[in-house]
Amino acid sequence: MGATVERLPGSCSGEDINAALETDGVVIVENFLAPDLVKSLNEELQPYVDASKPREQKSMYDDFLGGYTVRLHGIAAKSASFPDVLIDPRIMTVMDSQLKPNCTDYRLSSAELIEIRGGETAQPIHRDDDSWPRAAQSAAPLVVNVMIALSEYTAENGATVVVPGSHKWDSDRHPKTEEITQAVMSPGSAAIFTGQTLHGGGQNVSGVPRRGLSVSYCHGWLVPVENSWLGIPLDTVRTLPHRAQSLLGYDLYDGTSRGSGLINMYEVGSPRALLDD
């Protein structure tokens, strides 16, 4: 693996991150989260990891998700510290730049704890934008992912495989070996990449679990990958900051300024009415 990923310090701005994304489609921000926040996230999520059992592989789709990988959704209902990540100002700046040119607002697509355990095979390299039909691709990127390391990410334990520059490629181009690398990073660092950038979970040959928190954002007019309405109880949503509630889908999407209409309605109004009950 001969390619490299640009690394920025934790003191960088959202504008710095955007500049790197425009060039390479992926960037690593070192020490993106403070150690105390990483510690809290791990402690709050640990009971759910302990209670989870990796799936037995039964289909090609399960091969993609991993038979030796623990995955958790509904993170806002499992971690009181998560809203600090969800509405991080640097992340919001990145999403404003990357997504808002093609939507009036964006929302959470998925927040997923991913723990790759020993024996896991490499995930097929893919683009997250392909979660949606090709008819929507003219608005690419459709999604931007923030992969936060909650443990050491090493070449041996499954650090995310990325292909810098692939966000500018034709969809049928396959990477050469020398164009592929891994997002090796320490706890609290983050690999941020657009939905057009080729990537995948790495192979874990070390036996040491690799734990990360993948937080992705998509256009507000798309159906998100994760159904947060079912995964996060209303009583929990009511305790969250206003912006976090919006990102979970509790606002009306008003596309009239861009030549579309109102979507995500509830009782001919905004789903935010549910939070006032």
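Begin by selecting the charged side chains: the structure holds 11 salt bridges, where a salt bridge is a side-chain nitrogen of Lys or Arg within 4 Å of a carboxyl oxygen of Asp or Glu. This is a predicted model, in which local features need pLDDT of at least 70 and side-chain atom pairs count only at pLDDT 80 or more, while totals for chains, interfaces and linings use all residues. Residues are numbered from 1 along each chain as its sequence is written, and side-chain values use heavy atoms, with hydrogens and water left out.

Select Arg71 and Glu112 next, whose side chains meet in a salt bridge at 3.2 Å, N to O. Arg71 belongs to strand 3 and Glu112 to strand 4, so the pair ties together parts that are 41 residues apart in sequence; helices (H or I, at least four residues) and strands (E, at least two) are DSSP runs, numbered from the N terminus. Both Arg71 and Glu112 are buried, on a scale where buried means under 20% relative accessible area, exposed over 50%, and partly exposed in between, for a 1.4 Å probe and protein chains only.

Move on to Asp105 and Arg243, which form a salt bridge at 2.9 Å, N to O. This pair links distant parts of the chain, 138 residues apart, with Asp105 in the loop between helix 6 (89-98) and strand 4, and Arg243 in helix 9 (residues 242-247). Asp105 is partly exposed at 21% relative accessible area, and Arg243 also counts as partly exposed, at 24%.

For another pair, select Arg134 and Asp130, whose closest N and O atoms are 3.6 Å apart in a salt bridge. Here Arg134 is exposed, with a relative accessible area of 54%, whereas Asp130 is partly exposed at 40%. Then display Glu115, Arg117 and Arg211 together, as they are linked in a network of salt bridges.

Colour strand 4 (106-116), one of the elements that give two or more residues to the lining; strand 4 gives the most, with five residues.

Now select the sulfur atoms of Cys103 and Cys218. With a disulfide taken as a pair of cysteine sulfur atoms within 2.5 Å, the count comes to zero. The sulfur of Cys218 is 8.5 Å from the closest cysteine sulfur, in Cys103, too far for a bond. Cys103 is buried at 1% relative accessibility, and Cys218 is buried at 0%.

Finish with the open sheet of three strands, which has the order 7-6-9 with antiparallel pairing. Strand 7 (181-182) and strand 9 stand at the edges, each with a single partner strand, so one side of each is left without a neighbour in the sheet. Two strands pair if DSSP finds at least two bridges between them, and two bridges join strand 6 (residues 161-162) to strand 7. Select Val162 to see one of these contacts, for its bridge partner in strand 7 is Thr181.
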